[in-house]
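This report covers a predicted model.

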Amino acid sequence: MENKRENSALRSYGQKVLSRFKEFRVSSTMDKIKASVISALGGILVGLIIMMLINFQGVIDFIITLASGKFKFDPNTYIIGSIVQSAPILIAGLSVAFAFRTGLFNIGASGQILVGGITAIYIGHLISLPGPLHFLVALIGAIIAGSIWGGITGTLKAYFNINEVVTSIMLNYVAAHLVKFLSRQKLVFDLFRSQTKMLPKSATIPTLGLDRLFPHSGFDISIFIAILTAILVFIILEKTTLGYQLKAVGYNPLGAKTNGIKYRRNIILSMLIAGALSGLAGGIIYLSGANATQIRVQINIPGEGFDGISVALLATNSPIGVIFSAIFINFITQFGSLVEGASTFKKEISDVIIAVIIYFSALSSITLYYLNVRKRKRLKHNSELNKEGDE
Amino acid sequence: MELIYNILQATFFTMTPLLVVALGGLFSERSGVVNIALEGIMVMGAFIGIFVISMIEGGSIPGQLVLIIGVIVGGLVGLIFSVFHAFASINLKADQTISGTALNIFAPAVAIFVARSMLGGSKEIKFLTVFRIKRVPFLTDIPILGRIFFEDFYITFYVGLIILLISWFVLYKTRLGLRIRACGENPHAADSVGINIYKIRYIGVLTSGFLAGMGGVIFIISASQAFAASVSGYGFLAIAVLIFGNWQPKKILFASFFFGLMTTLAAMYTEIPLLKGLGLSEEFYNMIPYIATLVVLALLSKSSKAPKAVGVIYDKGAR
């Protein structure tokens, strides 16, 4: 009697595990994409409602202005520009997503971007090399600098058990002060504009003539670099042993330790890679000739690092998903300036929309649940059929 | 001696917002919910709180009362705003980091958007009253202590200390406090003895919202003359102080004092002969508080004890 009960308990436990496993398989890539798209649409809808609540007439006027063609809509600025200029937040998003996948919250992307950026600027001014080579060397410098900055966070976590969130917040400020100091040194300082000097053309991102093909779009090869990087990160995470180990440490540190995966080494390695990605983003931002971004001599924590968090979250930390979410979020930002140009509303509406989208994507487990209600019912039905068969 | 008075006075008003907001974070995290949204909640509280101050100041209400009203309004706004985080992370079992990040993006965006769209062009909300109290009759005349505690101070410092005492009392001397701590350590055990986990976690998150909203107003009135949709990262620093303080009220007091002192030393380095003698550039002095915090954390952090269930979604079914 006792035995039988135990058996049936065991069996029901087995079924539970099995159904868990099935549930897990149910939330496939397709569902994740669906959840992200639903979040995005929901965010846009709520943003629209907020605009209407504040000024209903304004929304109607805005639509009329757009429809009547009074407002000059330049596709090069608003469409091509949105796509090609999303490179920095795309790569920053990869950095945050990579860290998340390995169990770390890299809120320090901003600091890594700054350190990478200033290194790239210094290499741009310090050495002279021909064309694309100069750019490449500067970019590699940025990657190494960002990597070191991220590595500090990783080392402090691995050896001193300091929460990476605290370290990276502190290092953001240290980077901001350090970069302010470095950017007002004679070699790179433009006294009249109180910012860093324009870079020589050899150090800026090659445009391959794309900027002339699409005027006002700021087109250069950075978007291609970004997409290639996303593919590279995807391969590292999904197709290599290294990626598997890093994810294992993130998923279950204790389990990974008992299975002989080196915990400390992997934490540091994760942050080195995340830092390298942010450093690359920094290089891309400050080596841009088309957009001519200079570092201003002031305490400045670049917003791209925080945008990277939104990008990663909307993409549910999938490297390939990051490509689309970065472009999408950049679209929303561009939409903000379109709104400001064509109506009485201010461009910050775009940030409101992005915030609502992120909030909805936090609720994606609920969205997925409702998406899967039907599938669940079918599974339940099947398992009940099986049970009946057993008896 | 004069210098020491000045340093301590400045330290007190730098540390006050950190103390209040970190205590807010303490309630949330002790109940098991990560609250990375402190920054956003501070911004929201400061936005409405400072707006109210700018509306009612200069009227018949005395200055210090205006401040207290502003701080309480900020707190209430923070409380309401934090409901979004509580609802997402407690009822809907959302990822707490993501929901918190959403609030952090939302707050400054809405503050700027509303300020620019409805209150006329500028994103700044200015206020005129100087809330600093120069001296108090009798109290300031107490030797040494009078000058440290009752000269050039903000009443908010004492509000902060009272909040500290109340927090300590509630967390360690009441049934509610025991329940909050239980929810953060082992929610399933707490549930099994009939504690309503959801209710306790709501109390934790909403308290953190109230305190963070207050902290936002406190920060703005002592740090500047206007609110410009930012609290300069103090919400994140408060999270650092919370972790530095090892999730305990007394240690949080020490951590915020330490950070405030370091910030003050960095800001006043020209007046301190020992520091000025180093002959470094301004920027390196400004790094002191951040590097010092990291060094102290590196020395202490081996014993770091976060609440066990913090950030873990509570699912009744999972055992």
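The text below takes the interface between the chains, then the helix pair.

**Interface of chain A and chain B**

In this predicted model, chain A puts 44 residues into the contact and chain B puts in 45 residues. About 4000 Å² of area is buried between chain A and chain B, and carbon and sulfur atoms give 76% of that area. Five salt bridges are found across the interface. One of them joins A:K180 to B:E283, with the closest N and O atoms 3.7 Å apart. Five residue pairs are in polar contact between chain A and chain B, counting pairs with both residues at pLDDT 80 or more.

On the side of chain A that touches chain B, these helices each supply at least two residues:

| Helix of chain A | Residues |
|---|---|
| α7 | 131–160 |
| α8 | 164–183 |
| α14 | 304–314 |
| α16 | 349–362 |
| α17 | 364–390 |

The largest share of this side, eleven residues, is supplied by α8(A). By class, the side of chain A that touches chain B holds 29 nonpolar, seven polar and eight charged residues.

**Helices α11 and α14 of chain B**

Within chain B, helix α11 (residues 249–267) packs against helix α14 (residues 288–300) at an angle of about 145 degrees, and their axes lie 8 Å apart. The crossing of α11(B) and α14(B) is right-handed. From α11(B), the residues in contact are B:F258, B:F259, B:M262, B:T263 and B:A266. They meet B:I288, B:P289, B:Y290, B:A292, B:T293 and B:V296 of α14(B). This contact of α11(B) with α14(B) comprises nine nonpolar and two polar residues, with no charged residues.

Methods
Residues are numbered from 1 along each chain as its sequence is written. Chains are lettered from A and ligands numbered from 1 in the order in which they are written. This is a predicted model: local features need pLDDT of at least 70, side-chain atom pairs count only at pLDDT 80 or more; totals for chains, interfaces and linings use all residues. Side-chain values use heavy atoms; hydrogens and water are left out. Contact means heavy atoms within 4.5 Å. Buried area is the accessible area (1.4 Å probe) that two parts lose on being put together, summed over both. A salt bridge is a side-chain nitrogen of Lys or Arg within 4 Å of a carboxyl oxygen of Asp or Glu. A polar contact is a pair of N or O atoms within 3.5 Å; within protein, one must be able to donate a hydrogen and the other to accept it, and residues adjacent in sequence count only if both atoms are side-chain atoms. Helices (H or I, at least four residues) and strands (E, at least two) are DSSP runs, numbered from the N terminus. Ala, Val, Leu, Ile, Met, Phe, Trp, Tyr, Cys and Pro count as nonpolar, Asp, Glu, Lys and Arg as charged, and the others, Gly among them, as polar. Axes are lines fitted to C-alpha atoms, for helices over the stretch in contact, and angles run from 0 to 180 degrees between N-to-C directions. A crossing is left-handed if the near helix is turned anticlockwise from the far one by less than a right angle, and right-handed if clockwise.
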